Amino acid sequence: MQVQRLGAPSDFDALLERARHARIVMLGEATHGTYDYYRLREQLTRRLIAECGFSFVAVEGDWPDCDRVHRSVTAAPGGAADPVTALERFERWPTWMWSNAEVARFCRWLRAWNLDRPQGARAGFHGLDVYSLWESMQAIFDYLGEEDPSSLEAAQEAYRCFEPYGKRPEEYALASRFVSARCEQEVVRLLTRTREQAANDGADSFSAWQNAEVVAGAERYYRTMVGGGDDSWNVRDTHMADTLDRLLDRYGPDARGVVWAHNTHVGDARATDMVEGGVVNIGQLARERHGDRAVLLVGFGGWRGGLIAAPRWGSAAEAMTTPPARPDSLEHRLHELLPERAVLVFGGADQPGWVTDTVDHRAIGVVYDPGAERWANYVPTRLGERYDAFVWCDETTALHPLPALTTVGELETWPAGM
């Protein structure tokens, strides 16, 4: 195991050397609202793109929102001249996850970097998530109206199936327990038509195909979620892993992707107690599909500090303070052992027990109650199996959200909106 104090982007050299052999690098976060994780992830991603030739960044966000950012950073037709314009249009709660100053700084850098390159060699920015049922449906309407009006009927039939539930997925989820599978059938029909249209191989047709995959995935997700249990989590992470694979195929045989998502998605679920409930995640699925050598999983964590989160689902974001980690936790041990900033690269036979043993590892979602630390927010973890490397930030500060135009709440996701 290598331990490197972090003080400059060059201190990631050992991690970059590992990344040179990977097709997929996943960069996590222990919360969705910590400046330090976003900033260090940004520095690492810049180097992955500029020095290692990575093709795109794919985040735990909605495809339609992120597609506007993609058009901006690649200077595609119709894209905003400033990526901040696209980021400020994020509507789904929690908007602060991606609509923040830290992501804006990275996207402005990415646009400037891309403008010096031909259109086909520019690095993209995409969303992996499954929630945007109605937004993706509208995007399909817009595309078909321009490119293939003859296929509008399939989209309209699918829309009419969901229309009685307004834009409230929880009502559709509840109703799906008592009605026929007609919505599912209409969505499959729509997906088939848009897949055929995507054979034209244009960027717009690929986006329409992905939006159809989102509609299909969202329908499965909301229908499964109402039944309880962990099945909806697996639907969501499998959808994200499938989207990542489609992006790799889209960018070509030499494509390489960077993923930004919560540790709970990035770190291999088989090295946690998630495996006991049959839960999978994108880190595990990527290793299984592409092989361990082709996938580099990087976790992030800290001992205490500031973050942005919400006290309840759908409520306004607040600046909060994370208390010191529990005495029996991995974070407490790292606080005692490591400098203020460090990166750990695992491997070799000399790994200490806290790397190989099962130890509680903190995970905070978009909903957070600092007073619940004694019994919540920890996942039993074998650190050296869950990740290939780990970035440590002893003291942290909160990120800086951009002004939100609107917020659209959703049903709570397990665990705690991660």
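Which elements are included in what covers the buried residues of α13? In this predicted model, the cover includes the strands β2 (24-27), β5 (257-260) and β6 (295-309), together with the helices α11 (231-251), α12 (263-266) and α16 (383-386). Helix α13 itself spans residues 282-290, and its buried residues are I282, G283, Q284, L285, A286 and R287. Just after this helix, G291 adopts a positive phi of about 95°.

The protein chain as a whole has 16 helices and 11 strands. Of its 418 residues, 59% count as buried. Among contacts with a separation of 6 or more, 79% are made by residues 24 or more positions apart. The chain exposes about 16200 Å², of which carbon and sulfur atoms supply 49%. The average pLDDT of the chain is 88, and 85% of the residues score at least 70. Over residues 405-412, however, the pLDDT is below 50, although this stretch has 22 contacts in the model beyond near neighbours in sequence. Where pLDDT is low, predicted coordinates should not be read in detail.

The largest nonpolar core contains 55 residues, and the members that touch the most other members are L48, F125 and W260. Beyond its neighbours within four places in sequence, W260 is in contact with residues that include L27, V57, A58, V59, W98, V103, F106 and F125. The contacts of W260 also include R41, E42, T45 and E60. A second, separate core comprises 23 residues, among them M240, V266, V280 and L297.

Salt bridges were also considered, and the count comes to 29. In helix α2 (residues 35-52), E42 and R46 lie 4 residues apart, about one turn of the helix, and their side chains meet in a salt bridge with an N to O distance of 2.6 Å. With a relative accessible area of 1%, E42 is buried, whereas R46, at 24%, is partly exposed. A corresponding description applies to helix α3, where R71 and D67 are 4 residues apart, about one turn of the helix. The side chains of R71 and D67 form a salt bridge at 3.4 Å, N to O. In this pair R71 is partly exposed, at 23% relative accessibility, and D67 is buried, with a relative accessible area of 13%.

A further salt bridge, at 3.6 Å from N to O, joins the side chains of R270 and E288. This pair links distant parts of the chain, with R270 in the loop between α12 and α13 and E288 in helix α13, 18 residues apart. Both residues are partly exposed: the relative accessible area is 35% for R270 and 46% for E288. R270 and E288 also belong to a network of salt bridges that links them with R18, D268, R287 and D388.

Several backbone features occur in loops. A cis peptide bond, with omega of about 5°, joins W93 and P94. P94 is placed in the loop between α4 (83-87) and α5 (101-115). In the loop between α3 (63-73) and α4, A75 has a positive phi near 55° although this residue is not a glycine. A75 counts as partly exposed because its relative accessibility is 27%. N377, likewise not a glycine, has a positive phi of about 70° and lies in the loop between β9 (358-362) and β10 (378-382). The relative accessible area of N377 is 15%, and N377 is therefore buried.

Technical notes:
Residues numbered from 1 in each chain as written. Predicted model: local features only at pLDDT ≥ 70, side-chain atom pairs only at ≥ 80, totals over all residues. Heavy atoms only, no water. Core = buried A, V, L, I, M, F, W, Y, C linked by side-chain atoms within 4.5 Å. Buried < 20%, exposed > 50% of the residue type's maximum accessible area, 1.4 Å probe, protein only. Contact = heavy atoms within 4.5 Å. pLDDT = per-residue confidence, 0-100. Helix = DSSP H or I, 4+ residues; strand = E, 2+ residues; numbered from the N terminus. Areas by Shrake-Rupley, 256 points an atom, 1.4 Å probe, with all protein chains shown as cover. Salt bridge = Lys/Arg side-chain N within 4 Å of Asp/Glu carboxyl O.
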